[in-house]
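This note is written for a colleague who is meeting the structure for the first time. Please read the points below with the model at hand.

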Amino acid sequence: MGSVALAEELLLLAYDDESGRATGSTIGLDLGMAAAVLVELALAGRLVYVGGTIMATNPAPIGEPIADEVLSRVAADTPHTPDSWIQRLRHGLRDRVLADLCARNVICDVDETTMDGFIHLHRYPTIDPTVEGEVRERLSAALIGTDAPDERTAALATLVAAVRMEPVLGLAGADVAAAHQRLQQISDTAGFTGSVSMEESSIRPSVALVVAVLVKAIQTALGTARS
């Protein structure tokens, strides 16, 4: 696992560094983060997709608190579909991730709750820009490069495309569509989507299969299934 988890990477990309406010689709980000936690566990060899369900193959912790908690839930629960898991996990996940990033001084919590307490407002501006900077560098290299990115970056690129987060990359107009096409190409080459078989995938087949079914679950939930 990298210095930050995949779910944290998605969140950092989605939040404006200065205003500390989320941009883009709220439910899209939440679904993407839920999928990201499961992908994290698949990358660590803890989860697989078998018989239409996500199952734990190894209950040993990976050292990331949120992912380890999810792993315990998956291992203890009856098998559920990818669609079911991302809906189950998305509630409250963002608050957990924000709190963890605040505790590590990556971002800070600016409480703007009104004096009467009826309107609760929080902003999360960036304290340490190097964390998100590394994430953006990896994505930028993947966007402009011709070589297949590593498993983790390919998975991140695929999740960004699945929840249509291209605008957070600082793009606009035709560049957004071009970036989506390139991200989709990365996803196809990795065997997550498209016509590339698992055997030809640049990613471990077990991981590629988990990512593929989670992307489909996100797209189904958002109504953006690829034609």
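1. Basis of the note. This is a predicted model, in which local features need pLDDT of at least 70 and side-chain atom pairs count only at pLDDT 80 or more, while totals for chains, interfaces and linings use all residues. Residues are numbered from 1 along each chain as its sequence is written, and side-chain values use heavy atoms, with hydrogens and water left out.

2. Cavities. A cavity is a set of points, on a 1 Å grid over the protein atoms alone, where a 1.4 Å probe fits but cannot get out; its lining residues have an atom within 4 Å of a point. Grid points are joined across faces, edges and corners, and the volume is the space filled by probe spheres set on the points. Two cavities of 30 Å³ or more are counted in this way.

3. The largest cavity. Its volume is about 50 Å³. The lining consists of Ala5, Ala7, Glu8, Ala36, Val37, Glu40, Glu64, Ile66, Ala67 and Val97. Helices here are DSSP runs (H or I, at least four residues), and strands likewise (E, at least two), numbered from the N terminus. At least two lining residues come from each of helix 1 (6-14), helix 2 (26-43) and helix 3 (65-76), and helix 2 gives the largest share, three residues. Seven of the lining residues are nonpolar, none is polar and three are charged, where Ala, Val, Leu, Ile, Met, Phe, Trp, Tyr, Cys and Pro count as nonpolar, Asp, Glu, Lys and Arg as charged, and the others, Gly among them, as polar.

4. The second largest cavity. This one holds about 40 Å³ of space. Around it lie Leu11, Leu12, Tyr15, Asp16, Asp17, Leu98, Ile107, Tyr124 and Thr126. By class, six of these lining residues are nonpolar, one is polar and two are charged.

5. Helix 1. Is helix 1 largely enclosed or exposed? Nine of its nine residues are buried (under 20% relative accessible area, with exposed over 50% and partly exposed in between; 1.4 Å probe, protein chains only), so helix 1 is largely enclosed by the rest of the structure. Among the buried residues are Glu8 and Glu9, together with Leu10, Leu11, Leu12 and Leu13. The buried residues pack against helix 2, helix 5 (93-103), helix 6 (129-144) and helix 7 (151-162), contact meaning heavy atoms within 4.5 Å.

6. Salt bridges across the chain. A salt bridge is a side-chain nitrogen of Lys or Arg within 4 Å of a carboxyl oxygen of Asp or Glu, and 13 are counted. One of them joins Glu9 and Arg152, at 3.9 Å from N to O. Glu9 is in helix 1 and Arg152 in helix 7, so that this pair links distant parts of the chain, 143 residues apart. Both Glu9 and Arg152 are buried.

7. A bridge between loops. Arg21 and Glu112 form a salt bridge, with the closest N and O atoms 3.6 Å apart. Arg21 lies in the loop between helix 1 and helix 2, and Glu112 in the loop between strand 3 (110-111) and strand 4 (122-123), so the pair ties together parts 91 residues apart in sequence. Both ends are partly exposed, Arg21 at 45% relative accessible area and Glu112 at 31%.

8. Glu134 and Arg138 form a salt bridge, the closest N and O atoms being 3.5 Å apart. The two residues both lie in helix 6, four residues apart, about one turn of the helix. Glu134 is partly exposed at 34% relative accessibility, whereas Arg138 is buried at 16%. Through shared partners, salt bridges join Glu9, Glu40, Glu134, Arg138 and Arg152 into one network.

Key
On a 1 Å grid over the protein atoms alone, a cavity is a set of points where a 1.4 Å probe fits but cannot get out, and a pocket is an open set with protein on both sides within 12 Å along at least five of seven lines; lining residues have an atom within 4 Å of a point.
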